[in-house]
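Thanks for coming. I will talk through one structure, beginning with the whole chain and ending with a single residue.

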Amino acid sequence: MLSPSTGSVKTLPDSYVWPEYYEVYSGSDQPSIPVIDLMDPNATELIIQACETWGIFQLIGHGIPRKLVEDVESEVHSLFALPADQKLKTLRTSGGASSGYGNPPSQALLPRKLWYEGFTIMGSPVDQARVLWPHDYQGFRNTMNGYQKQVKALVEQLIRIIFKFLSISKEEVNWFDDPSNTCNAALQLNSHPPCPDPTRAVGLAPHTDSSLFTILHSWIEGLQIFKDGVGWITVQPIPDALTMNLGDFLHILSNGRFVSVLHRAAVNQKYHRISVAYIRSPPTNFIVSPLLSKTFADSGQVPKYHPVTLKECRGLKAKHFQAALSFVKT
Ligand SMILES: C=C1C[C@]23C[C@H]1CC[C@H]2[C@@]12CCC[C@@](C)(C(=O)O1)[C@H]2[C@@H]3C(=O)O
Ligand SMILES: O=C(O)CCC(=O)C(=O)O
Ligand SMILES: [Fe+2]
């Protein structure tokens, strides 16, 4: 967690220095992640292909209005601009999956400090909004509610495409449409203020999301992904695109066919970078096993992972960081 004074700090304090950390692929042949137009008649095939090769792509033609995304940016900026003692009133209760201000669970026990502040919204944003702005919380609440609704519909549309491809039936995932389940999604707000020494500092540290699918918005460069055989590469933001990344649970469900992409956020000297992730997961106690669908199970594949719940997976992640999934391997 950043200290309140870091905005004006001229040199990077030692506690934020990550030695030999910032190696980014800089070859001129740097590959870039696929850009997919949801209105393209071949969108489904392109999405499946991108899930198999990259685990991440940029989506255009998604129908989420730019004005709404601009409003979200501006509300998130005002949240992080609040005085520290105000933000601390919403401090997350533990390292676990809860709402509020503080480092998210996979980032809670890292050896070095992050040039980063985070805020998690699970369920309705109203309780936290009331604490942050006791007299004027409607703006934040309405904007976040509106965005939550739209990204929820979009991410579920994509997950359905994938379930269909994996021949997973509605009955097998009846939790997916259960409206009483509010702990299966989080709006993760991330703030990376300008940093005096960006090549030695780290924003959100390397992780995979334990989600099915995540929708990520940021207008400023900073998201980096790890591509096998290439190394860390920077994702170039495209106006109006949303970045879609797969999480551990679609990786496990697909028996490793889809990539759960390792990613992190780099910081920069000039801009205050905000990013907003909508992370959609199964319910915490649902047991996910590879080849859930009978069609796939009958195809003679051997499961590469043990059945696992989201709860177990998050616990492993908090303890073992990127190595977490290796503990679930058969
Ligand atoms: C609903 C979620 C999803 C969480 C946990 C909980 C609230 C915060 C989310 C994140 C956000 C940052 C990366 C991550 C890996 C983390 O550390 O916290 C995510 C994690 C997950 O994907 O499991
Ligand atoms: O800031 C970014 O681009 C990455 C955010 C992210 O990975 C997350 O919130 O899970
Ligand atoms: Fe992430």
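This is a predicted model: local features need pLDDT of at least 70, side-chain atom pairs count only at pLDDT 80 or more; totals for chains, interfaces and linings use all residues.

The protein chain contains eight helices and 13 strands. Along the principal axes, its C-alpha atoms fill a box of roughly 60 × 45 × 40 Å. Does the radius of gyration agree or disagree with that of a compact globule? For 330 residues, such a globule would have a value near 20 Å, and the protein chain has 19 Å, so the two agree. Of the 330 residues, 39% are buried. As for contacts, take those between residues at least 6 apart in sequence: 75% of them join residues at least 24 apart.

Now the helix pair. Two packed helices are described by the angle between their axes and by the distance between the axes. Here the pair is helix H1, residues 43-53, and helix H5, residues 138-165. Their axes are 11 Å apart and the packing angle is about 80 degrees. H1 and H5 therefore count as roughly perpendicular to each other, since the range for that word is 65 to 115 degrees. Which residues meet? From H1 there are Thr44, Ile47, Ile48 and Cys51, and from H5 there are Leu158, Ile161, Ile162 and Phe165. Sorted by class, this contact has seven nonpolar residues, one polar residue and no charged ones.

Next, ligand 2. The residues around ligand 2 include Gln188 and Asn190, then Leu204, Asp209, Leu216 and Ser218. Gly222, Leu223, His263, Ala265, Ser275 and Ala277 are also around ligand 2. Which elements give two or more residues to this shell? They are strand S5 (185-192), strand S10 (263-265) and strand S11 (273-280). By class, the shell around ligand 2 has five nonpolar residues, six polar and one charged.

Where is Ala205 found? Ala205 sits in the loop between S5 and strand S6 (213-217). Ala205 has 19 C-beta neighbours inside 10 Å, so this residue counts as partly exposed; buried would take 20 or more. Setting aside neighbours within four places in sequence, Ala205 is in contact with Gln107, Leu110, Leu114 and Arg264. Lys113 is 92 residues from Ala205 in sequence, while the C-alpha to C-alpha distance between them is 9.8 Å.

That is the end of my part.

Definitions and conventions. Residues are numbered from 1 along each chain as its sequence is written. Chains are lettered from A and ligands numbered from 1 in the order in which they are written. A residue is near a molecule or strand if its C-beta atom, placed from the backbone, lies within 6 Å of it. Helices (H or I, at least four residues) and strands (E, at least two) are DSSP runs, numbered from the N terminus. Ala, Val, Leu, Ile, Met, Phe, Trp, Tyr, Cys and Pro count as nonpolar, Asp, Glu, Lys and Arg as charged, and the others, Gly among them, as polar. The radius of gyration is taken over C-alpha atoms; the globule rule is 2.2 Å times the number of residues to the power 0.38. A residue is buried if 20 or more other C-beta atoms lie within 10 Å of its own, exposed if 12 or fewer, and partly exposed in between; C-beta atoms are placed from the backbone. Two residues are in contact if their C-beta atoms, placed from the backbone, lie within 7 Å. Axes are lines fitted to C-alpha atoms, for helices over the stretch in contact, and angles run from 0 to 180 degrees between N-to-C directions. Angles under 35 degrees count as roughly parallel, over 145 as roughly antiparallel, 65 to 115 as roughly perpendicular and the rest as oblique.
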